[in-house]
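Trainee: I have a structure open and would like to go through it with you. Can we start once it is on the screen?
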2 protein chains.
Amino acid sequence: VPILSLSKGVEQGTGLRMTEVVADVLPGHRRDRIGVLTGPNLAREVALGQPAATVVAIDDADAAAALQTVFMTATFRVYTNPDVVGCEIAGALKNVIALAAGIAHGLGYGDNTKAALITRGLAELARLGISLGGDPLTFSGLAGMGDLVATCTSEKSRNRTVGVALGQGRELDDIVAEMKMVAEGVKSTQAVLELAGRQGVEMPIAEQVGAVLYEGRTPAEIVPALMLRQAKPELRGMR
Amino acid sequence: VPILSLSKGVEQGTGLRMTEVVADVLPGHRRDRIGVLTGPNLAREVALGQPAATVVAIDDADAAAALQTVFMTATFRVYTNPDVVGCEIAGALKNVIALAAGIAHGLGYGDNTKAALITRGLAELARLGISLGGDPLTFSGLAGMGDLVATCTSEKSRNRTVGVALGQGRELDDIVAEMKMVAEGVKSTQAVLELAGRQGVEMPIAEQVGAVLYEGRTPAEIVPALMLRQAKPELRGMR
């Protein structure tokens, strides 16, 4: 039988993706039948029956078609994508950009800044994901852009909420102490930056989020650091 | 000297892009030095000095580099992209999807539905844009995704506002009569559908927006029409 991961993130310490963890604990299982279901699927809204779309990413085409049929309902639309690596990486990295989008909102910035951060944030996630074997187009799909848009614009996103409080000038320790749930981007930004360093991928937005989280840089200080970088071609590193 | 278009949309009747109109009225001008500046740039926020990013798309590399330097400021970050066709098409088509995002909001749907509409809306814009000669990756950049995210999530978007009112059950004629400014998607959806028909490109979201605008379909009726289509691979028609 195929196995689908429903978790986002990478294993701390090893950096393994969740399907790699599954393969690790089930060494006899066919690798092409281990996949992931991911996308902009806030559980509460799915449960309310609001229209939502998702991606099933799995190598084996027969398994993909079968799983698509299993999960498809009148309000939950399932697409297939053979790119397991890209779909998993996109879900694991999005929280870093959600922190950045929250910081911008907390600083009082509006729709232009948010759209620029989401778009350029996706570009740096895609550069890292492509370096790890992901398909460039996956990042503009539901697992990439879709999940990023939901996470960066939803009031329900915990990582965005932490970013907003940081942007308003509050201290990280105080914000985290008050939260009932974990905002995983606070920890995972470090892992993302280490991964980017190993892969030789430039991630300017993630670096500045890291500077706020771990080095005491203020949100206002990171704006010029991002805006005054050398001018670039838009699609650099994307092919 | 290079010429940059700052307008979004296509000419009614001819379907020409704005840089094609420029070339038409200035037949002696070098085509590779006619370009476009586009992206998520709500004028009011740019004027307030909020951080924003934009794209200059022009064939000639020297002109692109020179224009990048001219427009770059501490709060306005300029990227270059040689794909004039893709950047212009993306800006011209986004209002159709903004109407759809507004309708979903007016129907009471939340972040999952919005993210799915933006992502699958971008996929259908990209299919049409690629058929007209655009670069697939342009659509995940500032002119495509960036502008679409801003337009579909901003309270300041006129097309989104019309969509919200439609979703709440108001009549199109009443909505349009009350507005001081033009919501161009109300007219341009027709042109987009005609273009898609000529190019043989399927645009299910645009079709349903058209059904609401021109055929009296109610917003509630178009939800099952979109959700119950045959299941598909995510990246179909993208390469």
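Trainee: Which residue of chain A comes closest to the rotation axis?
Mentor: A:Ser140, with its C-alpha at 2.8 Å from the axis. Bear in mind that this is a predicted model.

Trainee: What rotation superposes chain A on chain B?
Mentor: A rotation of 180°, with 0.0 Å of shift along its axis, and the RMSD is 0.0 Å. The two copies are thus related as by a two-fold rotation axis. The same surface serves both copies, since 100% of the contact residues of chain A recur in chain B.

Trainee: How many residues are in contact between the chains?
Mentor: 63 residues of chain A are in contact with 63 residues of chain B.

Trainee: And how much area do chain A and chain B bury between them?
Mentor: About 5,000 Å², with 59% of it on carbon and sulfur atoms.

Trainee: What is the count of salt bridges between chain A and chain B?
Mentor: Two. In a salt bridge between the chains, the side chain of A:Asp111 meets that of B:Lys156 at 3.7 Å, N to O.

Trainee: How many residue pairs are in polar contact across the interface?
Mentor: 30, where both residues have pLDDT 80 or more.

Trainee: Which elements give two or more residues to the side of chain A that touches chain B?
Mentor: In chain A they are helix H2 (43–47), strand E3 (52–57), strand E4 (76–81), helix H5 (111–131), helix H6 (142–153) and helix H11 (219–227). The largest share, 10 residues, comes from H5(A). By residue type, that side of chain A divides into 32 nonpolar, 19 polar and 12 charged.

Trainee: Let me pick a residue on the other chain. Is B:Asn112 buried or exposed?
Mentor: B:Asn112 is buried, with a relative accessible area of 0%. This residue lies in helix H5 (residues 111–131) of chain B.

Trainee: What is B:Asn112 in contact with, leaving aside neighbours within four places in sequence?
Mentor: Residues of chain A: A:Pro40, A:Asn41, A:Leu42, A:Glu45, A:Val46, A:Pro51 and A:Ala52.

Trainee: Next, B:Asn81. Where is that found?
Mentor: B:Asn81 is in strand E4 (residues 76–81) of chain B. At 2% relative accessibility, B:Asn81 counts as buried.

Trainee: Which side chain does B:Asn81 join in a polar contact?
Mentor: That of B:Thr138, at 3.2 Å. Not counting residues up to four places away in sequence, B:Asn81 touches A:Glu234 and A:Leu235 from chain A. In chain B, the residues that B:Asn81 touches include B:Val55, B:Val56, B:Cys87 and B:Thr138.

Trainee: Back to salt bridges. How many are there over all chains?
Mentor: 22 in the whole structure. Side chains of opposite charge can pair when their charged atoms come close.

Trainee: What does A:Arg30 pair with?
Mentor: A:Asp60, at 3.7 Å, N to O. The pair links distant parts of the chain, 30 residues apart. A:Arg30 is in the loop between helix H1 (18–25) and strand E2 (34–38) of chain A, while A:Asp60 is in the loop between E3 and helix H3 (61–71) of chain A. A:Arg30 counts as partly exposed at 45% relative accessibility, whereas A:Asp60 is buried at 13%.

Trainee: And in chain B, what does B:Asp60 form a salt bridge with?
Mentor: B:Arg33, with the closest N and O atoms 4.0 Å apart. B:Asp60 is buried, with a relative accessible area of 13%, and B:Arg33 is partly exposed, with 23%.

Trainee: One more pair. What does B:Lys94 form a salt bridge with?
Mentor: B:Asp147, the closest N and O atoms being 3.3 Å apart. B:Lys94 is in helix H4 (residues 84–106) and B:Asp147 in helix H6 (residues 142–153) of chain B, 53 residues apart.

Trainee: Is B:Lys94 buried or exposed?
Mentor: Buried, at 10% relative accessibility. B:Asp147 also counts as buried, at 3%.

Trainee: Which residues do salt bridges with shared partners join into one network?
Mentor: A:Arg30, A:Asp32, A:Arg33 and A:Asp60.

Definitions and conventions:
Residues numbered from 1 in each chain as written. Chains lettered and ligands numbered in written order. Predicted model: local features only at pLDDT ≥ 70, side-chain atom pairs only at ≥ 80, totals over all residues. Heavy atoms only, no water. Least-squares fit on C-alpha atoms with pLDDT ≥ 70 in both. Contact = heavy atoms within 4.5 Å. Buried area = accessible area lost by both parts, 1.4 Å probe. Polar contact = N/O pair within 3.5 Å; in protein donor to acceptor, adjacent residues only side chain to side chain. Helix = DSSP H or I, 4+ residues; strand = E, 2+ residues; numbered from the N terminus. Nonpolar A, V, L, I, M, F, W, Y, C, P; charged D, E, K, R; others polar. Buried < 20%, exposed > 50% of the residue type's maximum accessible area, 1.4 Å probe, protein only.
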